Each structure stands twice: as C-alpha cells, then as structure tokens.
Amino acid sequence: MEQSTSLSAFRLASLVEGFDRSPAYVGLADALRELIGDGRIGYGTRLPSERDLTEALGVSRTTVTRAYAVLRDSSYAEARQGAGTFTRLPGGRTRALDRALWPSDVGNGVIDLVCAAATAPPGIAAVYAEATADLPAHLGGHGYFPAGMPDLQAAIAATYDARGLSTAPEQIVVTPGALAATAVIGSALAGPRDKVLVESPTYPNAVQALRTGGGRLTTIALDPHGWDLDAVAATLARHRPRLVHVMPDFHNPTGLVLSEPDRERYARLLARHAAVPVIDEAHHLLGLDGAGPRTPFAALARDAVCVGSASKSIWGGLRLGWIRAPHALVDRLTRARVGLDLGVPVLEQLVLTRLLTGDLESLLRGQRARLREQRDAMAGAIAAHLPDWEFRPPTGGMALWCHLPVAGATALSTEAERHGVLLAPGPSFAPEGGLDRYVRLPYALAAPQLVEAVRRIADAWTVVTSRRVGAPTPASGADPVLVA
C-alpha cells in the first residue's frame, strides 16, 4: 500500500499565506494546486481536515469545503472514506515525465538530477490567467511575430537599459528558449568554413546549436578556478574562430563568474581577433549571495550577441528566450530565425511581458531564496555523506560541479540509476571527451529530495569504488537526454 505523509493545518496555512480571497475558496484552491503541482506539497500527502484548516486560516468552513471540492474535481486531490483528503495530480505521479526524454520506465521514487530547472515560482499561474484575459485583443491578427511582439521586445530591451547597456526594441529577437536563440546565431553567423570556439566543460546542447550552420568546433579548457585568458589568447591567435561562446555569469556546469577585470581583457582579446562573442546569460539573474550587478559583457564588446532566457530564472515551462544583437546583425539573425520557425506563441509572450513590466524582482527573490536553501542542503549532504568529494560553493546558478577523488563519473551515473537517481556525468559536458572525475549535481529540487539523492549517490559511489580494478562496469539502458 502507498505510504502517505500528513501536513498540519498550521504548516499549510503558512504555505498559502496571502492567497487571493476574491472569492476565498477559488484563491485557496488555486494556491493549493500550485503547491501540489510544483511538489512543495508531495504527491499522496494527507491534507488537514476541513475543521482544522478552517481554524488555522480564519475562514469559514464553507470556504475550505468548496476549495477541497475544486481540488477533487480538477484531479489534484481525492477523498478516501474514513481517511481524509489526499493530494493527487492530473495524469498520475509521473505526469511530468516526457517519454521522449526517458526511453526507459523511470518508475516511482526516481530522483532526476539530470535536468537543472526549478519548479515554477508562486504566483505564476495567476499571471497566466491575466495574460489569457489579454489574449482576445490579439485574435484579430495573424499571430505571427518572427522577431517578437513589440511590447515584449520593448520590455526585454528595457532590462538591458536597466543594466547599463542601451538597447532598442528592434535589437531584440524573441525565440522559443535560449537554445533556439543559440541555434539561430549558429545558423546565421557560422558557416562550414568557420570555426566556433566553446569552453570545456560547457552546456552540450549549446554546442550542437552553435553548429547549426555547419561551423567547426574548437575547444578551450576552462580551469576549475576560472578562465585562463593567456590560453584563450593563444587559442584565438591559432584558430581564428568566427564565434566564441562564453557564459560569464554562473557558468553551466561550473558555476564560475568572470571577474570585471577579466571581462574587459576578454573583450579586448575578442576584438583584436575579430571574433564575435556569443554571450550566454541564461543564469545571470540567479545570483544567490547578494553580489552586486556585473557589467554586461556586451557593454565591453560592442559586437557581442547576447542570449537570454526566461526558462532558467522563471520557469522551464515558459519556453521563451531572446537574442540581443548589434544593429548590423539584426536583419541577418531575423532571416535565419524565419528559416527555423515563425515565432513563439502569443500567450507566452503576453505572460512574459506582464512579468517583465510587473514586480519581477519580488518573484525572483522567492526563486533565489528557494535555490539558496536547496544549494545549502545539498552541500551539507555531500559534506556528510561524500566528504572526499570537492566542489567550489557557487554564488549563483543551479548546480554544484563536483570533483571526484578518482575517475568514475560515468560508472557512477550507471550505478546511481540502479539506486534511483539520474545523473549527468562530467563527460556529458566535455565536447571533445574527458572530465570523468566530475559530475554535475543540480539543486533545483526540494531540499529533502536532494538530501535523499545524495544519500543514494553515496551508496552508489561505494559500489563503484569497491569494484576490483579492471572489472567491467555493468551496462545501462539508454542515457537520458540532457535537457538543461
């Protein structure tokens, strides 16, 4: 029989604090669905009795009764005779698992540490509802906006202005995510005769996207402690790349941040060698330790093409990214973009416009607070269960980049799956191989899940390191696709 946990009325009242009370039962139901949907209230949890929750919230019994009825009618809860009301999800526990990404049956209880993406922040459902109310005004048009809806272009441009990088709305090209933006850049700016310089380690899907136009890959090793700009200078002189992909803010997977002096020097090097910087800023809003804003790389390198994303800082389901380009490249990029797709959904653009022109900072503060708590929980669990693993505590982003005492990340990922954890080993982030002494551990899940995941990983690591030298590693099934 499925084991269930219980949630006290006092705890639930704190989780739904501030819910919309117009009408109260609808606001309470919406708040509960959001908490259940993103996992802050676990699947199969027993909710407080109607009487207890009525007292804890200071509302009428009718409000709680009707809210619970809404949950049951929308498949977010079920009533069990004599036992109470238990949380559920439409489609069941594994409703969020995409079988294109998980060829094998992951089963219940598997913890995914491959995908570095947080759940949606509180309040996002209300923004979608407001945007839906805006939608009818746009139904009389064709709905195609290859460069983005003008209001969204202006809202994104304003974020660059606020960072000290003057940007006109026409310099923005909206895309379905940062990866699509990177593919547009690769298609437009790097042909078969051009070289594309990428860091190692780096986000592997960005590498493939940059090669959309046929560009040839060249790598530069990223030191565990930062960028070796002397090595960068030598590589630029030797290979003369057309594009250079850089993640200066909370690099994925290392979490590194390029210092202000090094930004200036790097920009000078790129200008000297006529290389176009492709600046991936997908994580730049996820600073967790209060550091002040950093100079946008494009403010130092006027030829830089920037890639931004709502998916990392807000929610992965908000599939919107963008390009911020110099005026001279906008037309070329727009033409390349039309060759890939004709625009992103209007509703998504209305949602992001509302977020960017509203109180986005309040939403981000909550997102950062969650990530900070989760990072610290995972770091503490590693110190307790895997004390010989090394990592630099990141000041932002979504993952720890862990150095193993011996090579074995690939074997660990296989064994960890047997223990109910999906991992992305270091070689996944190495465009030309290597890095089997590293593993990326995202801290995007709730803290208790992360602690449990580390405990399982420690058990798996014990198995890997106890095998006799030369013993074959058991084969695994198809590797999960690295999504984020």
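Me: Is the crossing of H6 and H13 left-handed or right-handed?

Reply: The model is a predicted one. In it, H6 and H13 pack with their axes 9 Å apart, at an angle of about 35°. The sense of their crossing is left-handed.

Me: Which residues in H13 does H6 meet?

Reply: H6 contributes Asp151, Leu152, Ala155, Ile156 and Thr159 to this contact. By class, the residues of the contact of H6 with H13 are five nonpolar, four polar and one charged.

Me: Are H14 and H16 roughly parallel or roughly antiparallel?

Reply: H14 spans residues 360-385 and H16 spans residues 447-466, and their axes lie 9 Å apart at an angle of about 25°. Angles under 35 degrees count as roughly parallel. H14 and H16 are therefore roughly parallel.

Me: Which residues in H16 meet H14, and how many residues of the contact are nonpolar?

Reply: From H14, the contact takes in Glu373, Gln374, Ala377, Met378, Ala381, Ile382 and His385. Their partners in H16 are Ala447, Leu450, Val451, Val454, Arg455 and Ala458. Two residues of this contact are polar and two are charged, and the nonpolar ones number nine.

Me: Which element supplies the largest share of the lining of the second largest pocket?

Reply: The second largest pocket holds about 740 Å³ of space. Of the 35 residues that line this pocket, the closest to its centre are Arg163, His284, Leu285, Leu364 and Arg368. At least two lining residues come from each of helix H6, strand S9, helix H13 and H14. The largest share, five residues, is that of H14.

Me: How many charged residues are in the lining of the second largest pocket?

Reply: The lining divides by class into 18 nonpolar residues and nine polar ones, besides the charged group. The number of charged residues is eight.

Me: What is the volume of the largest cavity?

Reply: Two cavities of 30 Å³ or more are present in the structure. The largest cavity has a volume of about 80 Å³.

Me: Which residues are the closest to the centre of the largest cavity?

Reply: By class, the lining of the largest cavity has five nonpolar, six polar and two charged residues. Of the 13 residues that line this cavity, the closest to its centre are His251, Asn252, His283, Met398 and Ala399.

Terms used: Residues numbered from 1 in each chain as written. Predicted model: local features only at pLDDT ≥ 70, side-chain atom pairs only at ≥ 80, totals over all residues. Heavy atoms only, no water. 1 Å grid on protein atoms, 1.4 Å probe; cavity = no way out; pocket = protein on both sides within 12 Å on 5 of 7 lines; lining within 4 Å. Points joined across faces, edges and corners; volume = space filled by probe spheres on them. Nonpolar A, V, L, I, M, F, W, Y, C, P; charged D, E, K, R; others polar. Axes fitted to C-alpha atoms, helices over the stretch in contact; angles between N-to-C directions. Helix = DSSP H or I, 4+ residues; strand = E, 2+ residues; numbered from the N terminus. Parallel < 35°, antiparallel > 145°, perpendicular 65-115°, else oblique. Contact = heavy atoms within 4.5 Å. Left-handed = near helix turned anticlockwise from the far one by under 90°.
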